[in-house]
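Here is a short briefing on a protein model. Look at the structure first, then read the points below.

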Number of protein chains: 2
Amino acid sequence: MAELRERLGVLHDLHRAGWLLGWDQQTMMPPAGTPARSEQIATVDRLAHELFVSDEMGELLDSLGELDPESVDGALVRVTRRDWEKARMVPAELRAEITRAEVLGVPAWADARKNSDYQAFLPHLRRHLELKRRYIECFADSGKSPYDTLLDDYQEDARSEDITAVFARLKEELIPLIREVAGAEQVDTSFAHGHFPVEKQELFAREILEPLGYSSEAWRLDPTVHPFATSIALDDIRLTTRYSEADLESIFHTTHEFGHGIYEFSVDRELDRTPLVELNSMVLHESQSRLWENLVCRSRPFWRFFFPKLQELFPDELSGVTDEAWWRAVNRIEPSFIRVEADEVTYGMHIILRYELEQELISGRLAPEDLPEAWNAKMQEYLGVDVPDDAKGVLQDVHWSAGSFGYFPTYLLGTIASVQIWETAQGDLTDLDAQMEAGEFGPLREWLTDKLYRWGRRLPPEEQLRRIVGGPLDAEPYLRYLKSKVSDIYGVRV
Amino acid sequence: MAELRERLGVLHDLHRAGWLLGWDQQTMMPPAGTPARSEQIATVDRLAHELFVSDEMGELLDSLGELDPESVDGALVRVTRRDWEKARMVPAELRAEITRAEVLGVPAWADARKNSDYQAFLPHLRRHLELKRRYIECFADSGKSPYDTLLDDYQEDARSEDITAVFARLKEELIPLIREVAGAEQVDTSFAHGHFPVEKQELFAREILEPLGYSSEAWRLDPTVHPFATSIALDDIRLTTRYSEADLESIFHTTHEFGHGIYEFSVDRELDRTPLVELNSMVLHESQSRLWENLVCRSRPFWRFFFPKLQELFPDELSGVTDEAWWRAVNRIEPSFIRVEADEVTYGMHIILRYELEQELISGRLAPEDLPEAWNAKMQEYLGVDVPDDAKGVLQDVHWSAGSFGYFPTYLLGTIASVQIWETAQGDLTDLDAQMEAGEFGPLREWLTDKLYRWGRRLPPEEQLRRIVGGPLDAEPYLRYLKSKVSDIYGVRV
């Protein structure tokens with residue numbers, strides 16, 4: 001076991017070095033550094049891969065046999081074997097090509113997005129799809145469909161059949177709900193648009209984050225193009241966010257990324273330098289980003305506490321506004337173009353659209369050059385909006401530029417799980433609303449740490465969720481939550 | 001050759017990943033990240049070492065035989081063999097221990113310096129010295145003295161016997177020169193002290209750096225505790241500097257680091273991803289930091305061009321001051337405590353003091369606990385000043401905290417070389433002063449690139465210097481230069 005841990009520790013260090021190369025690329029690196037950075041990341045990734053897939057690693061795992069799956073060692077052997085078997089299927093050369101394509105794709109996407117130039121991005125998308133097909137071929141004997149093979153990288157054993165069924169249930173309810181709201185009187189958000197200098201937004205971000213659990217001792221917050229969170233180490237959590245001076249959307253990017261960060265930060269130290277700190281269930285991960293972004297940061301009690309502070313920072317824009325009006329404004333429901341700025345109700349349709357399109361791309365039924373048209377048609381069908389340009393359409397997200405296909409559904413599955421987890425927390429912490437209204441987030445954070453964060457990757461994700469909420473993923477609490485919010489804010493019966 | 005290049009490319013990527021881990025630690029990393037960072041750097045370093053010292057690498061080198069030393073391939077084989085033979089002498093475990101001690105030592109030093117607490121630093125220094133002794137033992141058969149073994153890591157085949165002789169010559173001249181100046185009328189620097197907000201200093205730094213050759217396309221400039229420069233890639237140069245609001249010393253830190261950066265930036269692209277871009281002659285490297293800091297940035301023509309811009313930024317402090325008065329002020333000669341803020345004349349004594357003390361530490365003639373006393377005594381002897389506390393004394397520099405012993409003399413040797421190189425440039429570029437006065441640094445930069453930068457590590461450093469200046473290292477031009485400046489500014493006959 002000591003030898004296994006030693007070898008896994010080295011791999012862990014390499015992975016985190018790779019993550020720093022990635023974080024730096026998106027926050028600090030001068031633009032001309034891109035080609036060399038792509039080599040560096042590919043090299044680090046390839047070395048880690050080669051060290052991992054060795055026969056010795058397999059022999060080491062065999063020699064340890066089956067251990068109690070509830071023990072740390074048992075979990076370590078289980079996840080390592082699973083990862084090892086998957087990693088062995090992919091030749092090092094293909095992995096390096098994939099990594100290199102990712103590193104080149106991201107800045108190309110950033111440029112293409114800036115100029116709303118889909119053609120400039122198209123060769124990168126084609127390259128990714130070609131590499132994905134080669135990747136899928138490596139798992140031809142797994143019994144999984146091509147898309148499910150990709151899904152498995154973001155959520156262990158997820159099946160598109162199940163996801164499609166859940167999403168069908170959501171479509172059934174969300175599309176009419178969106179129409180219902182469109183017919184109701186719209187809430188006022190005029191005061192949420194104006195001039196909000198970045199420095200003050202940054203100040204406010206820290207004012208929110210610190211009571212939530214952020215400290216500059218072990219965290220950073222930086223601006224970037226597409227917000228993300230990464231953990232260079234358990235005590236080195238990097239959040240990124242995006243500021244626009246015209247509004248205060250950054251608050252929600254920041255609390256979203258905080259949710260990722262606090263999950264990474266709160267894993268048991270005993271699991272450090274092992275794969276058990278590599279939180280690879282994106283459904284669980286996104287359940288936390290969405291929980292902190294929505295259940296916390298779009299709640300009434302949260303703004304009862306924080307709105308006066310916000311008002312103090314931006315008196316010109318916000319004096320005379322009540323916290324209730326602000327809460328309604330940040331929950332305004334309205335079809336729009338940008339996923340990361342979407343309200344809780346239309347958000348689901350943004351994801352379902354991407355889920356459907358990426359399945360079509362992977363199967364080859366949709367050609368990459370036809371993607372913008374297909375995108376715009378679905379935006380019209382699901383949300384009734386006309387996409388004005390590709391920057392506000394198909395080019396808005398970083399994921400496909402980094403070769404991430406199969407990631408998007410986890411946002412919505414995570415959002416569904418977040419409401420199940422929240423309802424459970426409300427049951428256990430009977431005065432959760434009162435605590436939030438007093439600016440106390442410690443009890444919630446501790447509850448989440450106890451139930452979820454500290455476990456790291458010890459349990460299979462489905463089992464982890466089951467232990468928290470007492471059952472499988474279920475869309476009904478989420479739908480109830482949305483309807484109750486809609487009826488609260490818009491006064492419509494749903 | 002292709003296989004050698006491929007293997008060396010991987011090593012290069014790992015080294016640069018390690019440098020990014022180091023840069024990030026000193027500029028961006030939250031403090032609690034230190035222990036994990038130490039593991040990460042040690043792992044990356046150890047892996048690179050293991051890959052490098054393999055028998056296969058030796059066989060590959062043998063199979064290539066002796067090549068034309070003037071060719072790129074010949075140089076590549078020569079430096080790789082030299083590095084390989086040295087690297088094989090040091091067990092991977094010892095290297096990892098050294099790396100780990102460095103990574104832990106730097107933040108411990110930063111804290112100790114902040115609190116002027118030598119005792120807090122002492123265990124780290126002891127640990128470094130113990131590891132250095134073990135390191136030296138690995139080279140017991142090299143015929144080098146213990147200290148020369150350390151020197152060799154910063155300057156190929158440097159010998160303390162030669163250095164001591166050069167330094168003796170300097171002492172002979174510098175000590176009386178310093179006394180001479182002490183008796184003359186002091187120049188006025190009152191306007192150089194005041195309130196200089198950091199943001200404006202940063203603005204001015206960029207205003208200087210851009211004509212010199214910096215561009216945000218391929219460079220960064222960030223604040224840190226102890227300024228340094230690093231190259232994450234040829235097109236990703238990171239300068240760091242230190243700002244104090246009470247004065248404008250940051251200008252000289254910045255141009256010093258720029259000298260390192262422009263050397264790294266200007267190496268032939270053809271040498272990329274090989275050890276030939278790993279510029280390991282610290283004498284040549286420091287010759288460039290000192291050339292840009294002193295010969296350029298403390299020159300009359302430089303300030304004729306830049307002083308009006310500085311005045312514009314800081315009108316309260318600098319209106320009514322002439323560029324001549326400013327030039328005199330930034331060349332004021334006065335014994336002081338801090339090396340990196342020392343004038344050109346006293347600077348040498350700061351280095352000689354460190355050189356002598358580190359030899360004593362390595363030989364064991366001086367115990368680490370007695371170091372502050374020995375430091376303070378020499379400061380009194382060489383510069384006539386009483387060190388008020390260890391922060392302004394023995395704790396001022398980062399080097400020993402990172403286990404760097406044998407580095408300091410290269411600053412002074414580099415300074416000596418910088419004047420030889422400068423005199424040669426003046427011969428070739430007959431209107432160098434006029435160019436600088438017009439803010440044109442392109443011709444100088446191109447001359448330096450042609451003579452030095454583009455060569456990377458192709459030539460042994462002594463040979464490289466000889467090809468530029470036509471002879472070996474020589475203290476006389478440096479002494480002449482100092483005396484002429486002293487007589488210019490202080491009007492004393494020397």
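In chain A, three strands form an open sheet in the order β1-β3-β2, with mixed pairing. The model is predicted: local features need pLDDT of at least 70, side-chain atom pairs count only at pLDDT 80 or more, and totals for chains, interfaces and linings use all residues. Residues are numbered from 1 along each chain as its sequence is written, chains are lettered from A and ligands numbered from 1 in the order in which they are written, and side-chain values use heavy atoms, with hydrogens and water left out.

**The sheet of chain A**

- The edge strands of chain A are β1 (219-223) and β2 (229-233), and each pairs on one side only. Two strands pair if DSSP finds at least two bridges between them.
- From one strand to the next, the twist averages 20°.
- Strand β3 (residues 236-241) of chain A runs antiparallel to β2(A), and four bridges join them. Strands (E, at least two residues) and helices (H or I, at least four) are DSSP runs, numbered from the N terminus.
- A:Ser231 has A:Ile237 of β3(A) as its bridge partner.
- A helix from chain B packs on this sheet: α2 (residues 34-52) of chain B touches β2 and β3 of chain A. Its direction makes about 75° with that of β2(A). Axes are lines fitted to C-alpha atoms, for helices over the stretch in contact, and angles run from 0 to 180 degrees between N-to-C directions.

**The sheet of chain B**

- Chain B has an open sheet of three strands too, with the order β1-β3-β2 and mixed pairing.
- Its edge strands are β1 (219-223) and β2 (229-233) of chain B.
- Four bridges pair β2(B) with strand β3 (residues 236-241) of chain B in the antiparallel sense. B:Ser231 stands opposite B:Ile237.
- Helix α10 (residues 250-265) of chain B lies across β1, β2 and β3 of chain B, at about 160° to β3(B).

**Helix pairs**

- Two packed helices are described by the angle between their axes and the distance between the axes.
- In chain A, helix α15 (residues 344-363) packs with helix α16 (residues 371-383) at an angle of about 145°, and their axes are 10 Å apart.
- The crossing of α15(A) and α16(A) is right-handed. A crossing is right-handed if the near helix is turned clockwise from the far one by less than a right angle, and left-handed if anticlockwise.
- Residues of α15(A) in the contact include A:Met349, A:Leu353 and A:Leu357, and those of α16(A) include A:Trp375 and A:Met379. Contact means heavy atoms within 4.5 Å.
- By class, this contact has 11 nonpolar, two polar and three charged residues. Ala, Val, Leu, Ile, Met, Phe, Trp, Tyr, Cys and Pro count as nonpolar, Asp, Glu, Lys and Arg as charged, and the others, Gly among them, as polar.
- In chain B, helix α17 (residues 408-428) and helix α19 (residues 442-451) pack at about 115°, with axes 11 Å apart. Their crossing is right-handed.
- B:Trp422 of α17(B) and B:Trp447 of α19(B) are among the contact residues.

**How the two chains meet**

- In total, 37 residues of chain A are in contact with 37 residues of chain B.
- The chains bury about 2,800 Å² between them, 65% of it on carbon and sulfur atoms. Buried area is the accessible area (1.4 Å probe) that two parts lose on being put together, summed over both.
- A:Met28, A:Pro30 and A:Gln40 lose the most area in chain A, together 17% of what that side buries.
- The copies meet through the same surface, because 100% of the interface residues of chain A are also interface residues in chain B.
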